[in-house]
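Work through the exercises below with the sequence and the 3D view open. Try each task before reading its solution.

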Amino acid sequence: MPKGNTTRPTKTAGTSDAPKSKTVTLVSHDSFNVTEAVLKEFEQQSGYTVKVLKSGDAGAALNQEILTKGSPRGDVFFGVDNTLLSRALDNGIFTPYEAKGLADVKPEYVLDKEHRVTPIDSGDICVNYDKAYFADKKIAPPQTLDDLTKPEYKNLLVVENAATSSPGLGFMLASVGKYGEEGWKDYWTKLKANGVEVVDGWEQAYNERFSGSAGGKKAKGDRPLVVSYASSPPVEVLYGEPQPAEAPTGVATGTCFRQIEFAGLLKGAKNEEGGKALVDFLIGKKFQEDMPLQMFVNPVTKDAALPELFTKHGVVVEKPENVTPEAIAKNREQWVKAWTTLVVK
């Protein structure tokens with residue numbers, strides 16, 4: 001990620017001596033990334049210089065924008081997902097904008113018909129497993145949420161706290177989607193009885209407690225099941241030293257919840273035109289095809305191709321669990337409180 005671009009756009013004939021701002025600021029969570037050449041191409045074509053303001057995890061970044069509503073720190077916010085979307089929309093932090101190229105976005109990702117936000121990427125939160133552990137023990141790895149409550153998987157699973165972690169919340173929502181309002185608490189009672197371990201966040205779960213990741217091996221993690229992402233196995237291949245021919249981890253495709261991330265034009269943006277151009281860029285083919293190996297998420301546009309690393313080592317989740325944004329908006333706080341009482345306390 002470039003730290004800043006000092007190239008001044010060329011002034012064309014007829015422009016004012018006091019041109020509008022040529023800097024457009026993207027406020028995002030810490031995981032935003034883009035290839036420098038792709039960003040520079042947008043800057044050269046649009047005449048705007050992009051400043052990226054990273055602001056912690058998705059929840060913390062969104063909270064800051066809610067607190068500064070009407071006087072935002074930037075022009076576009078990226079990183080609000082479908083688990084937190086209702087908070088952003090209810091607080092009115094976005095200006096509606098129908099992005100150029102929105103017709104190329106798969107319709108199932110367009111959750112806000114008023115176009116206050118534009119879908120940018122999707123990723124599936126799923127249980128990952130350590131292939132070597134299950135091969136050594138001659139046990140079939142779990143594939144479904146039901147499997148995780150079986151005796152052969154006792155004391156093997158580590159999950160993130162639903163109150164403090166985005167994947168933790170997504171996994172809790174997978175259980176709500178699967179078992180409904182009547183059954184999800186019973187499911188977690190069974191998981192707790194089967195020895196599920198809860199940690200604060202993904203970094204600790206995946207890179208310290210999970211035995212299948214490179215970080216977990218170094219930390220001597222002893223949990224061969226972890227809540228992570230369907231894109232995690234390609235990451236293990238990409239950063240493997242030496243790079244393995246096959247991913248050392250697999251995905252339990254019957255345990256997944258689909259996360260969709262959005263960007264929106266912030267209400268009160270100083271550079272609204274630049275913000276619109278930036279949102280258009282985020283759903284353009286160049287950015288969409290660059291994104292998988294930069295942020296390990298999937299494109300949302302119909303014509304964007306996945307890199308070979310994803311197609312060879314990743315999995316396609318055909319039927320992720322789903323909970324509507326309306327149901328999440330209505331119940332999220334009480335669900336998290338109930339989950340905390342059941343599992344943590």
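**Exercise 1.** In which helix is the place of H313?

Solution. H313 sits in helix α11, residues 308-313. Helices here are DSSP runs of H or I with at least four residues, strands are runs of E with at least two, and both are numbered from the N terminus. The model is predicted: local features need pLDDT of at least 70, side-chain atom pairs count only at pLDDT 80 or more, and totals for chains, interfaces and linings use all residues. Residues are numbered from 1 along each chain as its sequence is written, and side-chain values use heavy atoms, with hydrogens and water left out.

Next, take accessibility. Buried means under 20% relative accessible area, exposed means over 50%, and partly exposed lies in between (1.4 Å probe, protein chains only). H313 has 14% relative accessibility, so H313 counts as buried.

Then list the neighbours. Contact means heavy atoms within 4.5 Å. Leaving aside residues within four places in sequence, H313 contacts P233, P234, V237, A245, E246, A247 and E308.

**Exercise 2.** Find the backbone exceptions, and place each one in the chain.

Solution. Start from the background: most residues other than glycine have a negative phi, and most peptide bonds are trans.

- The peptide bond from E241 to P242 is cis, with omega near 0°. P242 belongs to the loop between α8 (232-238) and β9.
- H115 is not a glycine, yet has a positive phi of about 60°. H115 lies in the loop between β4 (94-95) and β5 (118-130).
- K220 is not a glycine either, and has a positive phi of about 60°. The loop between α7 (214-218) and β8 (225-229) holds K220.

Are H115 and K220 buried or exposed? H115 has 18% relative accessibility and therefore counts as buried. K220 has 70% and therefore counts as exposed.

**Exercise 3.** Which residues have the most contacts inside the largest nonpolar core?

Solution. A nonpolar core is a set of buried Ala, Val, Leu, Ile, Met, Phe, Trp, Tyr and Cys residues joined through side-chain atoms within 4.5 Å. The largest one has 46 residues, and F94 and F287 have the most contacts inside it. Elements giving two or more residues to this core include β1 (23-28), α1 (36-46), β9 (249-266) and α10 (285-295). β9 gives the most, with 5 residues.

Now zoom in on F94. A second, separate core has 33 residues, including L145, L156, Y187 and L225.

**Exercise 4.** Sort the salt bridges by what they connect.

Solution. A salt bridge is a side-chain nitrogen of Lys or Arg within 4 Å of a carboxyl oxygen of Asp or Glu. The structure holds 13.

1. E41 and K286 meet at 2.9 Å, N to O. They link distant parts of the chain: E41 in helix α1 and K286 in helix α10, 245 residues apart. E41, at 29% relative accessibility, is partly exposed. K286, at 47%, is partly exposed.
2. E197 and R223 have their closest N and O atoms 3.3 Å apart. E197 lies in strand β7 (residues 197-199) and R223 in the loop between α7 and β8, so the pair ties together parts 26 residues apart in sequence. R223 is buried, at 12% relative accessibility.
3. K276 and E273 meet at 3.6 Å, N to O. They are 3 residues apart in helix α9, so about one helical turn separates them.

Finally, look for shared partners: salt bridges join E197, R209, D222 and R223 into one network.
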